[in-house]
Amino acid sequence: MIRRLGEHKAGICLAALGLALMGYGIYRGEAAVCFQKAINICMECIGIG
Amino acid sequence: MGKKKITNEWKRHRVQILWALLTNSYLIGFVQGKIYKGKLKNLCVPGLNCYSCPGAAGTCPIGAMQAVIGNWNFKFAFYAAGFLVFVGALMGRFVCGWLCPFGLIQDLLYKIPFPRKLRTFKGDRLLRKLKYVVLLFFVILLPMFLVDVLGQGAPYFCKLICPVGTLEGGIPLVLLNKSMHGALGWLYAWKNVLLLFTVFLSILIYRPFCKYICPLGAVYSVFNPISVFRYRIDREKCVGCGACAKVCKMQVNPAENPNHPECIRCGQCKKACPKQCIH
């Protein structure tokens with residue numbers, strides 16, 4: 001078990017870093033920007049805007 | 001043997017279909033011509049799935065990244081980047097092979113019979129680097145620096161390149177909303193041409209969008225060698241028969257590098273190995 005965890009050390013550390021970055025992004029209010037974009041039809045995405 | 005192989009590939013397709021349905025479960029949107037506006041849209045989905053698709057229940061991470069980078073208030077998207085690092089570190093390009101709706105569409109298109117399928121061609125290897133250029137320029141640099149008077153940048157990848165938005169959002173929304181017909185112009189035509197070109201190429205070449213254009217695949221590919229879920233080769237058992245390389249539609253040689261950035265973890269090499277040495 002410990003050996004397997006060692007094999008995955010880099011992946012686990014990066015996954016933890018990813019979670020920390022997400023947390024920081026949410027703290028800065030980025031999730032709200034994404035949400036606003038996602039709940040309105042994105043005219044650029046569909047080829048109109 | 002042939003029948004067994006087809007059955008095995010459909011096992012993966014069933015997972016892809018299930019995931020595509022799950023992440024596009026707002027089916028009423030396809031009837032009403034509206035998109036989902038609930039709280040689930042706070043969350044990103046791992047695959048390329050336009051948030052303007054009437055059925056989309058989550059947010060496309062590439063769209064989210066451009067939305068934040070292009071916002072005058074922020075200049076880097078920690079939330080979307082963190083999500084990509086998290087998913088990439090756990091799964092790498094497993095997402096491309098199993099959880100991306102547009103990957104599924106390309107898989108199905110490639111099953112359409114055509115007189116001559118292109119396995120590879122001159123310049124194929126070089127063209128695979130294009131997706132990193134697309135990521136750097138269209139997803140990061142252009143939304144960051146090509147801004148309007150208010151300091152807002154457009155989602156240039158979604159606007160100029162992404163055929164997923166046209167297929168999943170543009171076509172159904174325009175068909176269902178007559179009010180949008182008057183707003184159609186050169187951009188809509190351009191995106192439809194790109195979509196048709198992608199569809200045609202997908203019949204000829206296995207997953208051309210994933211191989212050459214997809215910025216999401218570019219991000220996940222970086223994590224392939226170190227992701228928690230990855231392949232290992234039992235070198236003692238491997239006889240170097242080349243069966244794994246022969247079956248790989250992404251033109252990877254798993255015996256040389258089982259975690260090549262182009263590997264989408266479809267698992268065909270594992271099934272083809274006569275010695276079961278890919279784990």
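**Where chain B meets chain A**

Guide: Happy to. Bear in mind that this is a predicted model. Let us begin with the contact itself, to which chain B brings 48 residues and chain A brings 34 residues. Together the two chains bury about 3,500 Å², and 73% of that area lies on carbon and sulfur atoms.

What about polar links? Between chain B and chain A there are nine residue pairs in polar contact, with both residues at pLDDT 80 or more. Salt bridges across this interface number zero by the rule applied.

Now for the elements behind the contact. In chain B, helix H3 (61–69), helix H4 (78–91), helix H9 (156–161), helix H10 (163–176) and helix H11 (186–204) each supply at least two residues of the side that touches chain A. Of that side, the largest share comes from H4(B), with nine residues.

Finally, turn to a nonpolar surface patch of about 380 Å² on chain B, made by Leu127(B), Leu130(B), Val133(B), Leu136(B) and Phe137(B). Helix H8 (residues 130–145) of chain B gives the largest share of this patch, four residues. Leu136(B) sits in helix H8 of chain B. Its relative accessible area is 39%, so Leu136(B) counts as partly exposed.

Notes:
Residues numbered from 1 in each chain as written. Chains lettered and ligands numbered in written order. Predicted model: local features only at pLDDT ≥ 70, side-chain atom pairs only at ≥ 80, totals over all residues. Heavy atoms only, no water. Patch = residues over 30% accessible without salt bridge, like charges linked within 9 Å, V, L, I, M, F, W, Y side chains within 5 Å. Areas by Shrake-Rupley, 256 points an atom, 1.4 Å probe, with all protein chains shown as cover. Salt bridge = Lys/Arg side-chain N within 4 Å of Asp/Glu carboxyl O. Buried < 20%, exposed > 50% of the residue type's maximum accessible area, 1.4 Å probe, protein only. Contact = heavy atoms within 4.5 Å. Buried area = accessible area lost by both parts, 1.4 Å probe. Polar contact = N/O pair within 3.5 Å; in protein donor to acceptor, adjacent residues only side chain to side chain.
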